[in-house]
Amino acid sequence: MRKLKTIQVVLVSLLMISLLSGCLNPDRRTLGETIPKSNKSITSDESVGAQTNYQIIGIDPGAGIMKAAHKALQDYQLTDWSLVEGSGAAMTATLDKAIKQQSPIIITGWTPHWMFSKYELKYLEDPKKSFGEAEEIHTIARKGLKKDHPVAYTFLDRFEWTPEEMGQIMTAIQEGVSPADAAKNWAEANPARIKPWIEGLQPVKGDSIKIGYVAWDSEIASTNLLKYVLETKLGYKVNALQVEAGPMFTGVANGDVDVSAAAWLPLTHADYWAKYKDKLDDLGPNMTGVKTGFVVPAYMNIESIEDLHT
Ligand code: PBE
């Protein structure tokens, strides 16, 4: 009899303890309970498409990356998705806003770019190679530049640097230094890099050179460096013309523009290249190991363009 009573007391106590601990620990969830929907953020179970309105934030329509992005939407059959046109500056502004709110965003991105040092970002894998593989940036000149301006031509032909070096100028510009000063500061800090580009060249007396470029952050950096070296080391007067991608190639091809350091090959500017390559002078790569693709903040839970389906 007494044994039975003891068992009853123990059972009742156990019951009370478990009830009490349930009350004192409101975070405890029993099986079957789900996390309330109001908690959704980047851990939302909504698809990436629904969260981003099926939009990819692009840049200027003439950019080669926009052609590759359209191709990616086809290659991966992302028929619900659209590519938003804008500019490099609008894209980075939209990216900045999304990251401040930790909300999902997909952009067309490329390396070298300061955004990879400012934010934690990742390329979406591209198993179908819509964005190509190893890309290079070539310097292109008008036919006749070599004969008309041999000193400038020799320097432009020798000019070659790395994504890290370009990144240093880009980051300074992004932090508020003017593009001209950022290029000057970099050149003054790296005389050993400039020296072999200009070695043995006799400066001219104020000849004019026109450089064509598009307002992509990477090309703002390279063009300002070329302008600095041509002006301060080689005696030229440089006019840096900011244009759209199409007119940049047309300008060099028809001789209105002397040079551009902004031809991304073999894929990014393949269309322009097919059209104009015979009408211009290819001075070879000024940078290798560059890249383009769809880019997302590291906090997003997707790894591949294929994941945009889910
Ligand atoms: N970009 C930067 C350019 C080339 C340089 C990748 C945005 C483009 O897509 O044409």
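Is Leu230 buried or exposed? Select it and see: Leu230 has 26 C-beta neighbours inside 10 Å, so it counts as buried. The cut-offs are these: a residue is buried if 20 or more other C-beta atoms lie within 10 Å of its own, exposed if 12 or fewer, and partly exposed in between, with C-beta atoms placed from the backbone.

Before moving on, a word on what you have loaded. This is a predicted model, in which local features need pLDDT of at least 70 and side-chain atom pairs count only at pLDDT 80 or more, while totals for chains, interfaces and linings use all residues. Residues are numbered from 1 along each chain as its sequence is written.

**Stop 1: around Leu230**

Leu230 sits in helix H11. Helices here are DSSP runs of H or I with at least four residues, strands are runs of E with at least two, and both are numbered from the N terminus. Leaving aside neighbours within four places in sequence, Leu230 is in contact with Ala152, Phe155, Ile209, Tyr236 and Val238. Contact here means that the C-beta atoms of two residues, placed from the backbone, lie within 7 Å.

**Stop 2: zoom out**

Show the whole protein chain and you have 13 helices and nine strands. Of its 310 residues, 37% count as buried. Among contacts in the chain with a separation of 6 or more, 84% are between residues 24 or more positions apart.

**Stop 3: H9 and its two partners**

Colour H9 (residues 179–189) and H11 (residues 217–232): they pack at an angle of about 65°, with their axes 8 Å apart. That makes H9 roughly perpendicular to H11. Axes are lines fitted to C-alpha atoms, for helices over the stretch in contact, and angles run from 0 to 180 degrees between N-to-C directions. Under 35 degrees counts as roughly parallel, over 145 as roughly antiparallel, 65 to 115 as roughly perpendicular, and the rest as oblique.

The crossing of H9 and H11 is right-handed; a crossing gets that label if the near helix is turned clockwise from the far one by less than a right angle, and is left-handed if anticlockwise. To see who meets whom, pick Pro179, Ala180, Ala182, Ala183, Lys184, Trp186 and Ala187 in H9, then Ile220, Asn224, Leu225, Tyr228 and Val229 in H11. By class, this contact of H9 with H11 has ten nonpolar residues, one polar and one charged. Nonpolar covers Ala, Val, Leu, Ile, Met, Phe, Trp, Tyr, Cys and Pro; charged covers Asp, Glu, Lys and Arg; the others, Gly among them, are polar.

Next, bring in H8 (residues 163–174), whose axis comes within 9 Å of that of H9 and crosses it at roughly 140°. H8 and H9 are therefore oblique to each other. H8 also passes H9 in a right-handed crossing. On the H8 side, select Gln168, Ile169, Ala172 and Ile173; on the H9 side, Pro179, Ala182, Ala183, Asn185 and Trp186. The contact of H8 with H9 divides into seven nonpolar and two polar residues, with no charged ones.

**Stop 4**

Go to strand S3 (residues 107–111). Four of its five residues are buried, so S3 is largely enclosed by the rest of the structure. S3 runs antiparallel to strand S9 (residues 280–297), and five bridges join them; strands pair if DSSP finds at least two bridges between them. Thr111 has Lys291 as its bridge partner in S9. Step on from Thr111 and the peptide bond to Pro112 is cis, with omega near 5°. Pro112 lies in the loop between S3 and helix H5 (115–118).

Now jump to strand S8 (259–265). Seven of its seven residues are buried, so S8 is largely enclosed by the rest of the structure. Five bridges join S8 to S5 in an antiparallel arrangement, and Leu265 in S8 stands opposite Glu136. The peptide bond from Leu265 to Pro266 is cis, with omega near 5°. You'll find Pro266 in the loop between S8 and helix H13 (270–276).

**Stop 5: two positive phi values**

Most residues other than glycine have a negative phi. Tyr54 has a positive one of about 55°, and lies in the loop between helix H2 (48–52) and strand S1 (55–57). Tyr54 is partly exposed, with 16 other C-beta atoms within 10 Å. Finish at Lys129, where phi is near 60°, in the loop between strand S4 (121–123) and strand S5 (135–142). Lys129 is exposed, with 12 other C-beta atoms within 10 Å.
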